[in-house]
Amino acid sequence: MGDAGKSVSFDELGAADLHVDAVYQSGRSGNAGDDPFPRLLRVSNMGGFRYRGTLAALEMVVLTSSMADANWPDELDRETGVFTYYGDNKQPGRALHATPRNGNELLRRIFAAAHEGDAGRRSVPPIFVFGNTGEWRDVMFLGLAVPGTSEQQVAEDLVAIWRTANSMRFQNYRARFTILNAPLIERVWLEEVIAGNPYSSRAPQAWIDWVDKGRYRALKSTRSIEHRTKVEQLPASAEDLAIIREVQQFFEGRPHDFEKCAAAIARLMLPDIAELDLTRPSRDGGRDAIGKLRLGHGIASILVDFALEAKCYAPDNSVGVREMSRLISRLRHRQFGMLVTTSYVDLQAYREIKEDEHPIIVIAAADIVGLLRRHGHGDATAVRSWLEREFSAPSVEH
C-alpha cells in the first residue's frame, strides 16, 4: 500500500518520489520559504489550490487541505478511495467562481473537461492531493487523483451547495475525486509532468487507464481494526465536545424524544432509508425504531428491514453489553441494526458484536459530530438551531 511512517527531509524534496502516506517536511525557518511545494513540485507557496500552467491550459494541480475545517470537512475515505474536497468560496460576499485564487473556477474547468469524453480527459492535468500534518508546514501525500468516482452520477461529482454565515447565504463547491491505485509516483514522471510531457511511458498505469478509457482504479484500503476504542468513538477537540454536549443536554430529562433525532442522524448516514417508524418507549430509558432501507433504484429496488436503538447518554456513560444484547435480540427477523448514541460502546460490547459478526452499525458521539458537520451544522450554535427547529418539545395548550 503506502509508505506510512516514511519521512522526506526538506533538503531532499527536489529529488523525491511521492509515496502515499509519506510525510514531506517543510523548512524550519518560520517564514514562507519553509513551504515544501516549490521544491517538491515547482508550484507556488500560497493557498490550497496550486497549479502549473494557466486556467485555460493546466499542466498540474496540487490540492492541499488541513482536513480540520469544521464547516468545510474535506475527507479521504481510505476504504473506497474517494476524496471529498470543498472549494475556496468559504465566506459570504463573493459569487461562486469569483475567488481570489480561482479555486472554484479551476474545479469547474477540470470537472467539465472530465465529462467531455476522451478528448476532455486528456486536458485534465495530474492532480496531487496532500493533507497538512499539523507540524510546521509538513504535508502528507494522500495520492494521485482524478475528478469524479465510479459510483456517482456525473451530476453528483461537483455540486454547488448553499451555506449561511452572518445571516447571508452563499455557495461553494463540494467536489468528489478518486484517489488512484498509484502508491508510488516516480520522480522521473514528476519531472516529465513539470516539463509538459505527462503522457510518457513512466506515467502510472492507473492514471493512463482513466485518461484513455475513463476507468476508475481506486486505491482502496480494507479496514483492519475490528473495533473502535473509547477514544476513537468520542470527540477529540473542544469544539467537537461542545457539539455533542448540545445534543445530549437538549434532550436531558426527555431521553425518549432523542429517538426522533437519532432517526434523523441515521438518515444523514443512510439517505436511502425509505421508512423509519418509532415504537413505544422501552423500560431501559431508550426508544426503538424499525425501518426499511432501499437498495437500488426505481422498480428494481428492494427494501431491507433494520432495527434502530437510540441512547442519549452523557459522554462518560457507555453503552454496555446489556443494551447491545437488547438490540441483537431484535435482529431475528431483520437484516441489520443501528445504534445511535451520544456516548460510546464499551470494549466488551464492541468486541461481542464484531467477534460474533452481528450486522450492527454503531453511530457513536464522534460519528454524530462528523455527520452534523458534513451537513452544514459546523458548530455548537448551528447544532442548537437545528435541534430547536426540528426537535423542540411541542407546546402544551391550556
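Contact here means heavy atoms within 4.5 Å. The model in these views is predicted.

View 1. Setting aside residues up to four places away in sequence, I265 touches V340, I363, I368, L371 and W386. Its relative accessibility is 1%, and buried means under 20%, so I265 counts as buried. For scale, L327 is 62 residues from I265 in sequence. In space, the two C-alpha atoms are 18 Å apart.

**View 2. Crossing of helices α7 and α11.** Helix α7 covers residues 238-250, and helix α11 covers residues 365-374. Their axes come within 10 Å. The crossing angle is roughly 95°. Angles of 65 to 115 degrees count as roughly perpendicular, so α7 and α11 are roughly perpendicular to each other. From α7, the residues that meet α11 are E239, D240, I243, I244 and V247. On the α11 side, they meet A365, I368, V369, L372 and R373. By class, the residues of this contact between α7 and α11 divide into seven nonpolar and three charged, with no polar ones.

View 3. The elements that give two or more residues to the lining are β10 (158-165), β11 (168-179) and α12 (380-391). Helix α12 supplies the largest share, with five residues. In the lining as a whole, nine residues are polar, six are nonpolar and six are charged.

**View 4. E105 in helix α2.** The helix that holds E105, α2, runs over residues 103-114. Is E105 buried or exposed? E105 has a relative accessible area of 13%; this is under 20%, so E105 is buried. Which residues is E105 in contact with, leaving aside its neighbours within four places in sequence? They are L55 and H97.

Definitions and conventions. Residues numbered from 1 in each chain as written. Predicted model: local features only at pLDDT ≥ 70, side-chain atom pairs only at ≥ 80, totals over all residues. Heavy atoms only, no water. Helix = DSSP H or I, 4+ residues; strand = E, 2+ residues; numbered from the N terminus. Nonpolar A, V, L, I, M, F, W, Y, C, P; charged D, E, K, R; others polar. Buried < 20%, exposed > 50% of the residue type's maximum accessible area, 1.4 Å probe, protein only. Axes fitted to C-alpha atoms, helices over the stretch in contact; angles between N-to-C directions. Parallel < 35°, antiparallel > 145°, perpendicular 65-115°, else oblique.
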